[in-house]
Amino acid sequence: MTVEPPGVRIRAEEREESDARVIERSRDEPEQFAALYDRYADAVHRYAARRLGPEAAEDLMAETFVTAFQRRHRYDLERADARPWLFGIATNLVSRHRRAEARRFKALARVPAPVEHEEAVAERAVARAGATGVRRELAAALAGLSARHRDVVLLVAWGGLDYEEAAEALGVPVGTVRSRLHRARSRLREALGGSDPTAFREADAHA
C-alpha cells in the first residue's frame, strides 16, 4: 500500500501511471481500482476525521471509495488527478452530517486548553487534541460558518486542494471558490485575533 506522508502532494502527472489511467483500466478490470484506494485512502480518512471525528471517519472514507467505484464509468478521463473528485465525493457525504459536524466543532470550542500549552496553542491556528483536534477559537469559528463556506476553506486547508481543484470538487466556478474562501478567511482571521488562518494547513498537516 502506497502511503503519502502528511503534507506531501504527489500529482497524477508525476506518477508512473495517472489516476485517470487507473480508473480507465478499472472499468474492465474492477480490481485495478484498489490502486486509487492505496493512493488516497489515508488522505480522505484524515480529512473525514478532522471534520466529523475518528469514529465516523472510517465509514465515510469507505463510502467515499464505494461511491467512486460505482461512478468510475462516468469519470472524466481528461482529468489525470482524481484527488479533487474523491474529495468532492467525501465533502458531499459530509453534508449528510452537518448537524453532527457543527456539534463536534461546538464541543471542541468548549474544551479547555491545557495550561502548560496555552502559549503554543495561541501561536497555531490548529492544534492537536487527540488525533484530530482543532484549536478552541478555530472550532468555534468553523461552527459559525455556513456549510458552503466551511466546505471551501476545509477543502483547501485540510484537503490540501488549490482553488481550481476545490472548484472541481464542489462543481462551482473558481470565482465562487475565491469569494467563499475570502469570506471564510475573514471570519476565521477575526476569530483568531488577526492571525493568518491559511497557516493552519501546514501546522495541522504535521499534527
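What share of the contacts between residues at least 6 apart in sequence join residues at least 24 apart? In this predicted model, the share is 68%.

## Overall make-up

The protein contains 11 helices and zero strands. Followed along the sequence, its pattern reads α-α-α-α-α-α-α-α-α-α-α.

## Burial and surface

Of the 207 residues in the protein, 46% are buried.

## Helix 10

Helix 10 covers residues 174-191, which gives it 18 residues. From its first C-alpha to its last, helix 10 reaches 26 Å, and this is close to the 26 Å expected at 1.5 Å a residue.

The buried residues in helix 10 include V177, R180 and L181, and A184, R185 and L188 are buried as well. These residues lie on the same side of helix 10 because they cover an arc of only 135° around the axis. Both R180 and R185 are thus among the buried residues, under 20% relative accessible area. The face turned away from this buried side carries H182, R183 and E190, which are exposed. In relative accessible area, exposed stands for over 50%.

## After helix 10

Methods: Residues are numbered from 1 along each chain as its sequence is written. This is a predicted model: local features need pLDDT of at least 70, side-chain atom pairs count only at pLDDT 80 or more; totals for chains, interfaces and linings use all residues. Side-chain values use heavy atoms; hydrogens and water are left out. Helices (H or I, at least four residues) and strands (E, at least two) are DSSP runs, numbered from the N terminus. Buried means under 20% relative accessible area, exposed over 50%, partly exposed in between (1.4 Å probe, protein chains only). Contact means heavy atoms within 4.5 Å. The expected span of a helix is 1.5 Å times one less than its number of residues. The arc is that of the directions from the helix axis to the C-beta atoms.
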